[in-house]
Amino acid sequence: EPLTNLLNEIAACRVCAGALAHGARPVVRVSAEARILIGGQAPGRLVHETGLPFNDPSGDRLRDWMGLDRDAFYNQDNIAVAAMGFCFPGTVAGADLPPRTECAPLWRPRLLPLLTGLRLTLLVGGYAQRWHLRERASKTLTETVSRWREFPNDILPLPHPSWRNTAWLKRNPWFERDVLPELRKRVRAAFSAPR
């Protein structure tokens, strides 16, 4: 199948290997039947070690935001996870580096059309928002997320669920008040839509 072949290509990708301190280990988890795509930034260290996306405290927060338990989240017929960069980019001063710029243009145009069951795309973080929304993305993540009502119902921009964004969440209480109930509503709708 085209998706299986492409996933084998992605797993073997070493385009950025020379620039990755921890080596290349592409982490992508998708199926053609998945109802929701999570477009994040890049795997963190724990995800790199386990090979399971959002298998860290950020994932716990994201699952809480979505109203899902681990079983529902890791059911590949429910959730596809394809970040802007598939490999852990490393860290500087304790913070994860941005996703490698080679990854998204190399793989996203080939991968996304094969995910035919998608009903909702969650754009987690500024890198995913700028890639998917192009000129519709605002200059800042806060502006883009605050404009969530302006985008089609099958796209929802979110901040990254990292603990580093706890202060952002406190400064922007509208996110929890307005966006999270809508997120949970759209997740339920995506799962209940006819296959």
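Two helices, α2 (45-50) and α3 (57-66), each supply at least two residues of the lining of the largest pocket, and of these α2, with three residues, gives the most. Helices here are DSSP runs of H or I of at least four residues, strands are runs of E of at least two, and both are numbered from the N terminus. Please keep in mind that this is a predicted model, in which local features need pLDDT of at least 70 and side-chain atom pairs count only at pLDDT 80 or more, while totals for chains, interfaces and linings use all residues. Residues are numbered from 1 along each chain as its sequence is written, and side-chain values use heavy atoms, with hydrogens and water left out.

A pocket, on a 1 Å grid over the protein atoms alone, is an open set of points with protein on both sides within 12 Å along at least five of seven lines, and a cavity is a set where a 1.4 Å probe fits but cannot get out; lining residues have an atom within 4 Å of a point. The largest pocket holds about 730 Å³ of space, where a volume is the space filled by probe spheres set on grid points joined across faces, edges and corners. Its lining has 29 residues, and Gly 44, Ser 58, Asp 96, His 160 and Ser 162 lie nearest the centre.

Let me stay with His 160, which is found in the loop between β6 (155-158) and α8 (166-171). Is His 160 buried or exposed? His 160 counts as buried because its relative accessibility is 17%, and buried means under 20% relative accessible area with a 1.4 Å probe and protein chains only. A polar atom of the His 160 side chain lies 3.0 Å from the backbone nitrogen of Ser 162. Not counting residues up to four places away in sequence, His 160 touches Gln 41, Ser 58, Trp 65, Val 124, Gly 125 and Asn 165, contact meaning heavy atoms within 4.5 Å.

Now to the cavity. The largest cavity has a volume of about 120 Å³, and among its 17 lining residues Cys 13, Cys 16, Phe 86, Cys 87 and Cys 103 lie nearest the centre. Helix α5 (residues 103-111) gives the most to this lining, with three residues.

Finally, Phe 175: leaving aside neighbours within four places in sequence, Phe 175 is in contact with Trp 65, Val 145, Leu 158, Pro 159, Trp 168, Leu 169 and Leu 180.

How values were computed
Buried means under 20% relative accessible area, exposed over 50%, partly exposed in between (1.4 Å probe, protein chains only). A polar contact is a pair of N or O atoms within 3.5 Å; within protein, one must be able to donate a hydrogen and the other to accept it, and residues adjacent in sequence count only if both atoms are side-chain atoms.
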